[in-house]
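Here is a short briefing for a reader who is new to this structure. Look at the sequence and the fold first, then read on.

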Amino acid sequence: MASEPTRKSDGLSAGAASQGARPKWTGRVRGLSESPSFYLIYLAFYFTPWFFQLPGLRDALIGFAAVGSFIPMYLYANAGDPYRNGVKPHRILLAAGYASFLSLALIPVVGMSGNFHIFAVTLLAGLRPQRTALLVMAGTSAFYLCASWLLDVTIFEMVLSQFIAVMAAMATLAGYESAARVSTRESNLRMEAELAALRERERIAQDLHDLLGHTLTTIAVKSELAARLLDADANRAKTEIIEIRDAARITLKDVRAAVAGMHVTTVHQELARARSALAAAEIRLSVEGEPPELDQAAHSSLGLALREAITNIIRHSGARSARIHFAPEGALIIEDDGCGGELHAGTGLDGMRRRIESLGGEMEIESRESGVRVILSLPPAKPGQESLEQTP
């Protein structure tokens with residue numbers, strides 16, 4: 001989460017140690033491994049036979065040239081994050097065709113030429129629809145096996161290359177399917193948010209129409225009447241003006257209540273939203289304790305703070321699990337097992353701090369190697385406190 005570290009709570013830190021620390025670089029490694037460029041490291045396996053049979057100068061130059069020429073082709077095929085944005089078939093076919101050519105052309109050269117066949121099949125797994133990918137992959141594999149047999153490649157190398165190619169291709173297919181599911185889920189969430197915003201605008205428009213239409217018409221009529229009565233009947237005009245004032249005050253209170261429906265929330269509502277959002281992000285959530293008894297203003301502030309904390313976990317932490325704990329003394333603790341590290345305050349958490357402190361509460365943030373902990377505490381509710389702003 002984007003925030004600034006503050007003082008630590010000794011009692012809570014002891015609980016964090018029992019959970020086990022996870023190195024902060026694991027989140028960075030996970031993000032790197034999701035990039036197609038990461039898998040270029042497997043080109044190193046081409047040079048495995050060199051440990052058992054030193055190549056001649058010619059074979060060494062050919063091997064380095066083959067690997068060096070394939071890298072830009074592979075990057076060209078995977079440019080633009082194909083998992084999220086989709087592949088470009090002509091790029092995939094060009095790179096896969098070149099890899100297949102290298103896998104056969106390098107057979108007489110010292111080196112594991114079948115490594116390029118693995119890349120060819122894996123690249124083809126990105127074709128869509130999936131049925132097309134499977135058919136092209138099967139045809140490429142059959143061609144490689146037949147050609148390798150005719151070129152006297154050992155059975156061991158043929159079987160090993162084909163087995164690894166199948167495993168890598170299945171993993172790539174699963175990656176594309178997972179990315180498609182995530183994209184669909186994100187699209188559905190955006191659509192739901194847009195529909196919710198549209199419904200909210202319609203609700204506010206209807207409420208304002210119902211509240212203001214009749215009242216403003218009445219005020220306009222009474223104002224005209226008061227203007228006419230100023231000279232003829234001053235007392236009657238005064239009465240009309242007082243009624244106009246009272247109507248305006250009542251309408252102002254009603255408008256505030258209607259508009260407040262757009263942003264007032266509670267801890268219970270935000271807890272339900274947190275469960276849904278974290279589940280969509282595949283982050284496990286555990287909730288301990290029950291929300292405290294608070295007045296409406298405190299409920300709203302604590303709920304919005306919880307919303308911001310959960311949003312930061314999803315966006316920045318790289319966490320696998322999160323915990324929300326309602327402590328008996330009234331504190332709310334939100335923590336995750338993400339990458340932690342150095343934190344910087346952002347607009348969202350600055351707003352959280354101001355909102356909590358304006359109610360007499362405190363906010364503490366800890367950054368650990370195993371994640372981030374946010375501690376929010378509010379004073380107890382005052383008896384008889386109004387939940388809506390008083391009408392002037």
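This is a predicted model: local features need pLDDT of at least 70, side-chain atom pairs count only at pLDDT 80 or more; totals for chains, interfaces and linings use all residues.

The protein has 12 helices and five strands. Of its 392 residues, 37% count as buried. Take the contacts between residues at least 6 apart in sequence: 73% of them join residues at least 24 apart.

**The nonpolar cores**

- In soluble globular proteins, nonpolar side chains tend to be buried together.
- The largest nonpolar core here holds 35 residues.
- Five of its members touch the most other members: Tyr 46, Phe 70, Phe 116, Leu 123 and Met 137.
- The elements that give two or more residues to this core are α3 (57-77), α5 (89-105), α6 (114-124), α7 (130-150) and α8 (155-232).
- Helix α6 supplies the largest share, with seven residues.
- A second core is separate and has 28 residues, including Leu 302, Ala 305, Leu 332 and Leu 376.

- Helix α6 is mostly covered, with 10 of its 11 residues buried.
- Among these buried residues are Gly 114, Asn 115, His 117 and Leu 124.
- Phe 116 is also buried in α6.
- Which residues does Phe 116 touch, not counting residues up to four places away in sequence? They are Leu 43, Tyr 46, Ala 66, Val 67, Phe 70, Ala 99, Leu 102, Ser 103 and Leu 106.
- Leu 123 has its place in helix α6 too.
- Is Leu 123 buried or exposed? Leu 123 is buried because its relative accessible area is 4%, below the 20% cut-off.
- Leaving out residues up to four places away in sequence, Leu 123 touches Phe 70, Tyr 74, Ala 77, Asn 78, Ile 92, Ala 95 and Ala 96.
- Leu 123 and Leu 173 are 50 residues apart along the chain. Their C-alpha atoms are separated by 9.9 Å.

**Helix α5 against helix α6**

- Two packed helices are described by the angle between their axes and the distance between the axes.
- The axes of α5 and α6 come within 7 Å. They cross at roughly 160 degrees.
- That angle is over 145 degrees, so α5 and α6 are roughly antiparallel to each other.
- The crossing of α5 past α6 is left-handed.
- From α5, the residues in this contact are Ile 92, Leu 93, Ala 95, Ala 96, Ala 99, Ser 100, Leu 102 and Ser 103.
- From α6, they meet Phe 116, His 117, Ala 120, Leu 123 and Leu 124.
- By class, this contact of α5 with α6 has 10 nonpolar, three polar and no charged residues.

**Helix α5 against helix α7**

- The axes of α5 and α7 come within 10 Å. Their crossing angle is roughly 15 degrees.
- This is under 35 degrees, so α5 and α7 are roughly parallel to each other.
- The crossing of α5 past α7 is right-handed.
- Ser 100, Ser 103 and Leu 104 are the α5 residues in this contact.
- On the α7 side they meet Thr 140, Phe 143, Tyr 144, Ala 147 and Ser 148.
- The contact of α5 with α7 divides into four nonpolar, four polar and no charged residues.

**Residues in the loops**

- Pro 129 lies in the loop between α6 and α7.
- A cis peptide bond joins Arg 128 to Pro 129, with omega at about 5 degrees.
- Asp 152 sits in the loop between α7 and α8.
- Asp 152 is not a glycine, yet has a positive phi of about 65 degrees.
- Asp 152 is exposed because its relative accessible area is 69%, over the 50% cut-off.
- Ser 370 is found in the loop between β4 (362-368) and β5 (371-377).
- Ser 370 is buried because its relative accessible area is 9%, under the 20% cut-off.
- Ser 370 and Ala 319 are 51 residues apart along the chain. Their C-alpha atoms are separated by 9.2 Å.

How values were computed. Residues are numbered from 1 along each chain as its sequence is written. Side-chain values use heavy atoms; hydrogens and water are left out. A nonpolar core is a set of buried Ala, Val, Leu, Ile, Met, Phe, Trp, Tyr and Cys residues joined through side-chain atoms within 4.5 Å. Buried means under 20% relative accessible area, exposed over 50%, partly exposed in between (1.4 Å probe, protein chains only). Helices (H or I, at least four residues) and strands (E, at least two) are DSSP runs, numbered from the N terminus. Contact means heavy atoms within 4.5 Å. Axes are lines fitted to C-alpha atoms, for helices over the stretch in contact, and angles run from 0 to 180 degrees between N-to-C directions. Angles under 35 degrees count as roughly parallel, over 145 as roughly antiparallel, 65 to 115 as roughly perpendicular and the rest as oblique. A crossing is left-handed if the near helix is turned anticlockwise from the far one by less than a right angle, and right-handed if clockwise. Ala, Val, Leu, Ile, Met, Phe, Trp, Tyr, Cys and Pro count as nonpolar, Asp, Glu, Lys and Arg as charged, and the others, Gly among them, as polar.
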